[in-house]
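The sequence and the model are shown first.

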Amino acid sequence: MKHTTIALALMALSNVTYGVSGQITDTAGQPISDASVSVAGSRVQTKTDADGRFTLNTADSNATNLHIKAPGFSHETVRLDATGSELLRVTLHRTMIEQIDVTATPLHASAMESAQPVSVLAGDNLRRKQSSTLGETLKDAVGVHSSYFGPVASSPIVRGLNGPRVLIAQNGLDVSDASRVGPDHVVATEAMTAEQIEILRGPATLFYGSGAIGGVINVVDDRVPSSSERRGAFAAAYNSVNEENETSFTYTDGTERFAFHVDGFSRNGDNYEIPGPAEQMADADQDEEPEEHSEGILENSASESQGFNLGGSWLLDNGYIGLSYGRLERLNGIPGHSHDHGHAGEHHDDARVADEHDEFEEASVLSDLKQDRWQLISELQLESAWLNGLNTRIGYTDYEHVELENGASGTVFTNETLQVRTDLLLEEIAGWRGAVSLEGKKTDFAAVGEEAFTPPSRTDSFAIGLLQEKQTGDLLWQLGARIEKVTINADPIAWEEEEHEASEEGGEHQEELLVFKELDFTPYSASAGVVWDFAAAYNAGVSVTHAQRAPSSAELFSFGPHIGTGSFEVGALFRLHESDDPHFHYNGDVNEEVSNNIDLSLRKHAGDIGWAINLFYNQIDNSYYERNIGLDSEAITGHDHEEGEEAGHEGEHEHDHGALPVYVFEQADTVLYGLEAQFAWRLSEHFTLDLWGDSIRAKLRDGGNLPRTPPVRIGGRLNYANKAWQAGFGMAHYFDQKDTAELETSTDGYSLLEAELGYALPSSFGDMTFFLKGSNLTDEEARVHTSFLKDRAPLPGRNFSLGVRSMF
């Protein structure tokens, strides 16, 4: 990572007219093979041979910096001061903090080279942590928690923020599902076939727009291959806690001019076993006894899913251009989601409906998801006075999920998205290199049916951004700015407006069609950061960001029962009129969120001990959050609960939802601050120790706490590796969470223990690792404070996984 200036003896190269040649070794003088050497900010790159030697042709680039990386070593940036060919000798230092380049930004950088805190889950570490949902896969990453809507759906929570503030991306493009609308909707992406998952903590609006004001989760796979290098992976496992079978494979190959990729997965599991009963008393605010549930079983938590991706790329002398198609299907129960049955809805013509699978209860409410996704990705090196590269990403997603009840269609959620993003990589000028990003996105979201709590809406956005960075001695400066135009339109809804009169008898209710005006927002963002290599193996980072966010359509237009979360949701465009007859008025006065965030980082990245500490402070003005107003849905007026087609809700059957607590999206000034830390120590040749922890406080500036704030937690893992044997033992402890919002209950702490044993056998498909893994070994009852279902659905009980995995 340490920036070095090397001006060594010039030599004549026989195979290039202008280039650089050299050798990469470790601190013991041993050559490092397969290390990557590239011109910073371009696609010009090569790899070292068995002797650690390389030759790089830099004739077609204004090469001033080389970026050198190898697995298990700290990255190096080498400054080229000479004007001819150079012979370089570079020494890389071993590191305990894994350093993997993040592809989520136009200027790729590792966690130790970014002023903004980032982290990457990849390789065996990713395979070991993968789960059936993205939130559970990432929940042990520093700064990341899970919304945990039972084991069937969970989204990542980054520094206490989730929903429309945290963008979930696939190869840099929005996954475009319904998971940002509610925690009961699964994220439509799959970790089993991913190569790495990148986490940008804190505002990432410069790269992805206002929907990333809280962070980005970017799932990277090889569905559009960038090379024809033969590589692949497969895995198969059985999980005892729900009798789940899962398999996956990926394979990439090709010729000199063409590369192809294929991957697929399948997962099928029954209801989850849990410690004790599913439902508990919700403390003092619950008067009735919980319903009867099967002891030790979380009912309606079965799921089955499968998917595949096919892709191909045309390999050019200056890059590649490729296209892929992906299909994802998932059928799962929705824990805690039930109705008084007796509907007369249309039967869903699907062979996977509930009555054809033993793992699904006949009276269960199910979610049936289908997604078709096309991606075109191109990365080209250019020979221009102003541009050295052009990267283009185009994505089209057609998403649908249907809520089924006894095989009949209930609410249908659809999301059709077209997104185009182009990064113009600029030639280096006065030491500054960077990119101009242009992005346009069109989203058509609809929820139609009895539980459509938000009307169909269309969101259009266009943005332009600029990123720049420059190395000056031991300082790496990073600057950026972005501005975007966001337009939101929503269909009209049926509305009961109270006509108030001066008499004591009160007013009369008149039904009308409420037509929303077009809403326009122009959020902008700016960021400045610096990474300082103040000593060998140490650096510090400071990042300051001003970011704005346009609200989502659900935050604005919601008005109806959201049964998945057990609430009646009201958008920010409606204002409560408190009286003897409480009701809502239309209120068109809404604003963008405004975030001012600072991150401070201190890191040691080389040697047998490595660590990273991050402190952050985020002040968000006009923040949208859901407040429990202490009323239930039967006590308010202002909405016709039996909408027809005219309002965009085809209410063909009726359910008795009962009285639901009313949650209103309101704007308030908030403050979030916290600490994130990780520590890695090589104890001996065979043993390593990893420790981590994080904490966050999320408060209203006028007093009180934000709801569902993650608790303080610490964790650790002792690892052993000796030839073919691998083993590990870990623990994570979640403390009590008593910093609660109004009408929110506290949550007890808990500890989760895990252990794993693996043995690797060589084969023609690489080393095949057979493993046995145990999680929640003490079978502890653990309830997740960030979950809407914490009182109804604890974490799964003791689980043993038996399987095999291989990468080649």
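Two residues are taken to be in contact when heavy atoms of theirs lie within 4.5 Å. On that basis, residues 24 or more positions apart account for 68% of the contacts in the protein chain with a separation of 6 or more. The model is a predicted one, and its protein chain contains four helices and 46 strands. Of the 808 residues of this chain, 58% count as buried, while the accessible surface comes to about 32,200 Å², with 52% of that area belonging to carbon and sulfur atoms.

An open sheet is formed by five strands in the order 9-14-15-12-13, with mixed pairing. Its edges are strand 9 (118-122) and strand 13 (173-174), each of which pairs on one side only. Strand 13 is joined to strand 12 (residues 166-170) in the antiparallel sense over two bridges, and within this pairing Ala 169 stands opposite Asp 174 of strand 13.

Strand 21 and strand 22 form a hairpin with two residues between them.

**Two individual positions**

Thr 25 lies in strand 2 (residues 19-25) and is buried, because its relative accessible area of 13% falls under the 20% limit. Leaving aside neighbours within four places in sequence, Thr 25 is in contact with Gln 30, Pro 31, Ile 32, Val 90, Thr 91 and Leu 92. For one of these, Thr 91, the separation is 66 residues in sequence and 5.0 Å in space, C-alpha to C-alpha.

Asp 444, placed in strand 26 (residues 432-448), is partly exposed with a relative accessible area of 35%. If residues up to four places away in sequence are not counted, Asp 444 touches Thr 414, Asn 415, Glu 416, Ser 457 and Arg 458. Asp 444 and Ser 176 are 268 residues apart in sequence, yet their C-alpha atoms are 9.9 Å apart in space.

**Nonpolar surface and aromatic rings**

A nonpolar patch on the surface, with about 960 Å² of accessible area together, is formed by Trp 532, Phe 534, Val 542, Val 544, Ile 598, Leu 600, Leu 602, Ile 613, Leu 615, Tyr 617, Tyr 673 and Leu 675. At least two residues of the patch are supplied by each of strand 32 (524-535), strand 33 (538-549), strand 38 (593-604), strand 39 (609-632) and strand 40 (661-682). Val 544, which has its place in strand 33, is partly exposed at a relative accessible area of 42%.

A search of the whole structure finds 18 aromatic pairs. In one of them, the rings of Trp 532 and Phe 534 have their centres 5.4 Å apart and their planes at 55 degrees, so the pair is tilted. Trp 532 counts as partly exposed at 45% relative accessibility, and Phe 534 counts as partly exposed at 36%. Elsewhere, ring pairs link Phe 516, Phe 557, Phe 559, Phe 568, Phe 574, Phe 584 and Tyr 586 into a cluster.

**Salt bridges**

| Pair | N to O distance |
|---|---|
| Asp 34 and Lys 47 | 3.9 Å |
| Arg 257 and Asp 317 | 2.8 Å |
| Arg 701 and Asp 669 | 3.2 Å |

Arg 257 lies in the loop between strand 17 (244-254) and strand 18, and Asp 317 in the loop between strand 21 and strand 22, so the pair ties together parts that are 60 residues apart in sequence. Arg 257 is partly exposed, with a relative accessible area of 37%, whereas Asp 317 counts as exposed at 73% relative accessibility. Arg 701 lies in the loop between strand 41 (687-700) and strand 42 (713-722) and Asp 669 in strand 40, so this pair ties together parts 32 residues apart in sequence. Arg 701 counts as partly exposed at 41% relative accessibility, and Asp 669 counts as partly exposed at 30%. Finally, salt bridges that share partners join Arg 159, Arg 201, Asp 599 and Glu 676 into one network.

Terms used: Residues are numbered from 1 along each chain as its sequence is written. This is a predicted model: local features need pLDDT of at least 70, side-chain atom pairs count only at pLDDT 80 or more; totals for chains, interfaces and linings use all residues. Side-chain values use heavy atoms; hydrogens and water are left out. Two strands pair if DSSP finds at least two bridges between them. Buried means under 20% relative accessible area, exposed over 50%, partly exposed in between (1.4 Å probe, protein chains only). Patches are made of residues with over 30% relative accessible area and no salt bridge: like charges are joined within 9 Å, nonpolar side chains (Val, Leu, Ile, Met, Phe, Trp, Tyr) within 5 Å. Accessible areas come from the Shrake-Rupley method with a 1.4 Å probe; for residues, only the protein chains shown count as cover. A salt bridge is a side-chain nitrogen of Lys or Arg within 4 Å of a carboxyl oxygen of Asp or Glu. Rings of Phe, Tyr and Trp (its six-membered ring) pair if their centres lie within 6.5 Å; planes under 30 degrees apart count as stacked, over 60 as edge-to-face and the rest as tilted.
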